[in-house]
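Good morning. I have one structure to go through today, and I will keep to contacts, packing and a few single residues. Please look at it first.

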Amino acid sequence: MEKAINLLPNHTQRTFIHDNLLSHVHEGIMTFIDIMDHCMVLWPPYYPRDSPIEFVFNVLECKIKRLGEYIATTEDLVAAIHDSLMDITKFDTFFTHCKY
């Protein structure tokens, strides 16, 4: 615990945000935050199905995989990502799907 405390050179009160991930609520972590008199904000658990960006990443991944045989260099990969992103339209459908 002392090593962790020494990692923070000045005792500025900090705010920690976490989502109930098991490692975030570990007793040692909670004790450290309490000893250092920091604040904690608890977020609800993260659900990828509720995030529009996850659907964008999925579409992007599918497009890149289809181009896989044509990607031989870093430049090819960058061009494939760029072209695939430019092909994704109607972003509002991702938000609608997630009920935003």
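By salt bridge I mean a side-chain nitrogen of Lys or Arg within 4 Å of a carboxyl oxygen of Asp or Glu. The structure holds one of these. Before the details, a word on the source: this is a predicted model, where local features need pLDDT of at least 70, side-chain atom pairs count only at pLDDT 80 or more, and totals for chains, interfaces and linings use all residues. Residues are numbered from 1 along each chain as its sequence is written, and side-chain values use heavy atoms, with hydrogens and water left out.

The overall layout comes next. The protein has five helices and two strands, where helices (H or I, at least four residues) and strands (E, at least two) are DSSP runs numbered from the N terminus. Along the sequence the pattern reads α-β-α-β-α-α-α. Of its 100 residues, 16% count as buried, which here means under 20% relative accessible area, with exposed being over 50% and partly exposed in between, for a 1.4 Å probe and protein chains only. Take contact as heavy atoms within 4.5 Å. Among contacts between residues at least 6 apart in sequence, 62% join residues at least 24 apart.

Back to the salt bridge. Which side chains form it? They are those of Lys65 and Glu61, at 3.1 Å from N to O. Both sit in helix H3, residues 52-66, and because they are four residues apart there, about one helical turn separates them. Lys65 is exposed, at 61% relative accessible area, while Glu61 is partly exposed at 40%.

Now the packing. A nonpolar core, as used here, is a set of buried Ala, Val, Leu, Ile, Met, Phe, Trp, Tyr and Cys residues joined through side-chain atoms within 4.5 Å. Which residues make up the largest one? There are six: Val56, Leu60, Ile64, Ala80, Ile88 and Phe94. H3 gives the largest share of this core, with three residues. As general background, nonpolar side chains in soluble globular proteins tend to be buried together. Leu60 touches Ile81, Ser84, Leu85 and Ile88, leaving out residues up to four places away in sequence.

How do H3 and H4 cross? Helix H4 covers residues 74-87, and its axis comes within 9 Å of that of H3, at roughly 130°. The axes are lines fitted to C-alpha atoms, for helices over the stretch in contact, and angles run from 0 to 180 degrees between N-to-C directions. The two helices are therefore oblique to each other; under 35 degrees would be roughly parallel, over 145 roughly antiparallel, 65 to 115 roughly perpendicular, and the rest is oblique. On the H3 side the contact is made by Leu60, Lys63 and Ile64, and on the H4 side by residues including Leu77, Ala80 and Ile81.

Leu67 is in the loop between H3 and H4 and is partly exposed at 31%. Apart from neighbours within four places in sequence, Leu67 contacts Ala80 and Ser84.

Two further residues. Asp37, in the loop between helix H2 (27-35) and strand E2 (39-42), has a positive phi, near 60°, without being a glycine. For reference, most residues other than glycine have a negative phi. Cys98 lies in the segment after helix H5 (92-97) and is buried, at 13% relative accessibility. Between Cys98 and Ser51 there are 6.6 Å, C-alpha to C-alpha, although they are 47 residues apart in sequence.
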